[in-house]
Amino acid sequence: MSNEYPPDDIDLLSSPVTLPNGVVIPNRLAKAAMEEGLKGGLPGRRHRRLYRRWGRGGWGVVLTGNVQVDAAQPATPHDLRIHDSPHTVPLFHELHESLLADAPDPRPLTLVQLSHAGMQSSATYSLTRAPWVPSIGPISGRPSVGTGFVAWAIERALWPVAARAVTNPAEWCEIAGKFVDAATAVEDAGWSGVQLHSAHGYLLAEYLSPLTNPHPRPLPGVPERVPVRLHLLWLILTGIHTATERTFVKALKINCSDFVAGGLDEDASAEIIREIVRWRLVDLLEVSGGTYGNPAFAEMGREALFAHFTRALLPTLPPAPEGPAIMLTGGLHDRSLIARCIRSRAADLVGIGRPAALQPELPVKVLLNRALGKGKARVPPYIIPGSEFYRRLLGGGKSRPHSKARNGFRETNGVVARRDEGNGIKLVGAGVSTVWHEWQMARIGRGENPDPTLDFLRGALANTLWHDILGGGPRGWYRHWMGTD
Ligand SMILES: Cc1cc2nc3c(=O)[nH]c(=O)nc-3n(C[C@H](O)[C@H](O)[C@H](O)COP(=O)(O)O)c2cc1C
């Protein structure tokens with residue numbers, strides 16, 4: 001297979017991929033979905049600033065952070081949401097215009113990630129509903145974040161009441177309808193397509209998991225040949241297919257494994273993916289892994305997180321454009337590693353998350369930059385300055401050094417390489433990393449530059465306290481009042 005690809009790594013990464021619906025992705029680098037850490041709701045000026053920077057970056061695909069189809073059930077207070085409001089389409093349209101304002105030709109594929117947080121939606125964290133109003137899921141219960149008292153306390157704090165089980169098929173159809181309506185709003189706003197977030201333990205992933213959906217029941221209108229566990233996805237995908245143009249891209253993010261006992265495992269996931277590919281309704285399929293209980297997708301210091309899975313899976317699927325293009329995300333931050341992944345058919349393109357918060361123009365400045373030789377065209381592993389204390393304080397355990405830096409830590413730009421593989425509550429380690437990267441995106445949204453040396457405590461004070469809670473002080477209030485924030 002490898003001789004089909006250009007021998008030069010930059011030529012390979014710059015080569016296009018054609019999707020089953022005929023749409024062409026201009027290169028192999030996708031800015032993965034990242035919840036932006038800005039004010040939740042409809043996109044505003046700060047989102048537009050942030051997306052304009054990504055637009056300049058030379059990405060082949062730009063995905064939004066998760067955009068919630070149910071405004072009352074988000075994953076975080078910062079999530080963008082599809083509101084039943086006349087402002088939804090115009091504001092998503094403005095965001096799209098900003099994203100493309102300075103984008104080099106050929107322009108990136110632009111995808112909105114549609115999500116429903118399911119059982120993981122926390123009323124006390126997202127503050128979009130009263131604490132006694134439950135999240136929803138295929139079963140009643142609370143997400144588990146680990147064992148021991150601290151985990152027990154975190155679970156009760158995040159989910160004071162257990163999730164409500166949705167048992168009525170009509171309610172599932174209504175949820176499917178929300179995804180379809182959201183997709184048509186996204187199409188009206190001018191985006192290239194949507195990605196359904198069916199990974200990381202959110203509602204669509206919960207529906208697929210034997211742990212959270214042990215006895216799936218058939219939903220009306222789905223043909224018998226479709227496995228019952230896939231009924232919800234089938235309804236949503238066929239609904240979007242019918243309601244939108246053929247060139248509107250339908251992408252799906254799915255776990256190769258939930259990495260929790262009793263959850264979706266690699267064999268079941270491979271079978272599900274092969275079935276979905278047979279439907280010919282998906283143009284782009286992204287592979288990730290993990291849930292809040294074990295956020296494998298957020299692990300730091302490990303490379304090509306799920307390549308072993310996709311390398312075994314891809315030969316069993318029709319190659320793009322006969323089948324969907326396969327996007328692999330997680331720990332792919334090095335030009336030659338990405339090229340090796342594509343040449344070994346572990347992926348057609350790669351998604352890049354965290355580094356895109358620190359370097360919004362990563363493709364043009366680093367990965368596709370011919371001035372940077374092999375060893376330099378990469379984002380070295382790093383840890384978050386000053387985060388260790390808070391990580392341990394909150395029960396996240398101790399992080400261990402990155403295997404390549406066993407004899408001490410490798411210093412790069414004031415950032416230190418470590419392997420983020422502690423022995424405590426994994427959600428805490430992932431949470432610390434996630435909020436710090438959100439602060440970087442929030443800085444860009446305010447018109448500042450990302451700061452890789454940002455100390456965790458300083459970041460918490462500046463972002464969460466000063467900007468989020470106090471609105472940026474008198475200057476922030478004035479700018480907000482003048483509409484220039
Ligand atoms: C700040 C932050 C926010 C994220 N938000 C989302 C999200 O909204 N949707 C999603 O599918 N994944 C989300 N992720 C996961 C990323 O898409 C990606 O899977 C993960 O960061 C691994 O890729 P990386 O090693 O290149 O960072 C988020 C990650 C970070 C760091």
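Residues are numbered from 1 along each chain as its sequence is written. Because the model is predicted, local features need pLDDT of at least 70 and side-chain atom pairs count only at pLDDT 80 or more, while totals for chains, interfaces and linings use all residues.

Let's begin with the whole chain. Its secondary structure comes to 17 helices and 15 strands; helices (H or I, at least four residues) and strands (E, at least two) are DSSP runs, numbered from the N terminus. The radius of gyration of the protein chain is 21 Å, close to the 23 Å that the globule rule gives for 485 residues, so the chain is as compact as a globular protein of that length. This radius is taken over C-alpha atoms, and the globule rule is 2.2 Å times the number of residues to the power 0.38. Along the principal axes, the C-alpha atoms fill a box of roughly 60 × 55 × 50 Å.

How much of the chain is tucked inside? Buried residues make up 53% of the 485 residues. A residue is buried if 20 or more other C-beta atoms lie within 10 Å of its own, exposed if 12 or fewer, and partly exposed in between, with C-beta atoms placed from the backbone. Contacts tell us about the fold too: two residues are in contact if their C-beta atoms, placed from the backbone, lie within 7 Å. Among contacts with a separation of 6 or more, 73% join residues 24 or more positions apart.

Now for the strands. In strand E6 (residues 109-115), 7 of the 7 residues are buried, so this strand is largely enclosed by the rest of the structure. Leu-109, Leu-111, Gln-113 and Ser-115 point one way from E6, Thr-110, Val-112 and Leu-114 point the other way, and all are buried. What are the neighbours of E6? Two strands pair if DSSP finds at least two bridges between them. E6 pairs with E4 in the parallel sense over 6 bridges, and Val-61 stands opposite Leu-109 in E6. E6 also pairs in the parallel sense with strand E9 (residues 193-198), over 4 bridges; here the bridge partner of Leu-111 is Gly-193 in E9.

Strand E10 (residues 249-255) pairs with E11 in the parallel sense over 5 bridges, and Ile-254 has Val-287 in E11 as its bridge partner.

Leu-204 is found in helix H7 (residues 203-208). With 25 C-beta neighbours inside 10 Å, Leu-204 counts as buried. Leaving aside residues up to four places away in sequence, Leu-204 touches His-116, Leu-196, His-197, Ser-198, Leu-232 and Leu-233. Leu-204 and Leu-232 are 28 residues apart along the chain, and their C-alpha atoms are separated by 7.6 Å. Arg-392, in helix H14 (residues 388-393), has 16 C-beta neighbours inside 10 Å and counts as partly exposed.

Stepping back, the chain is divided into domain 1 (2-380) and domain 2 (382-485), with bounds that come from an automatic or database domain assignment. Their C-alpha centres lie 23 Å apart, and 29 residues of domain 1 are in contact with 30 residues of domain 2. On the domain 1 side, helix H2 (45-56), helix H5 (149-158) and helix H12 (354-358) each give two or more residues. The largest share, 6 residues, comes from H2.

Where does the ligand sit? Domain 1 and domain 2 both give residues to the shell around the ligand, so it lies between them. The ligand is surrounded by 23 residues, and the closest are Ala-32, Ala-33, Asn-66, Gly-353 and Arg-354; a residue belongs here if its C-beta atom, placed from the backbone, lies within 6 Å of the molecule. Strand E4 (61-68) and helix H15 (426-445) are the elements giving two or more residues, and H15 gives the most, with 3 residues. The shell divides into 7 nonpolar, 12 polar and 4 charged residues. In this count Ala, Val, Leu, Ile, Met, Phe, Trp, Tyr, Cys and Pro are nonpolar, Asp, Glu, Lys and Arg are charged, and the others, Gly among them, are polar.
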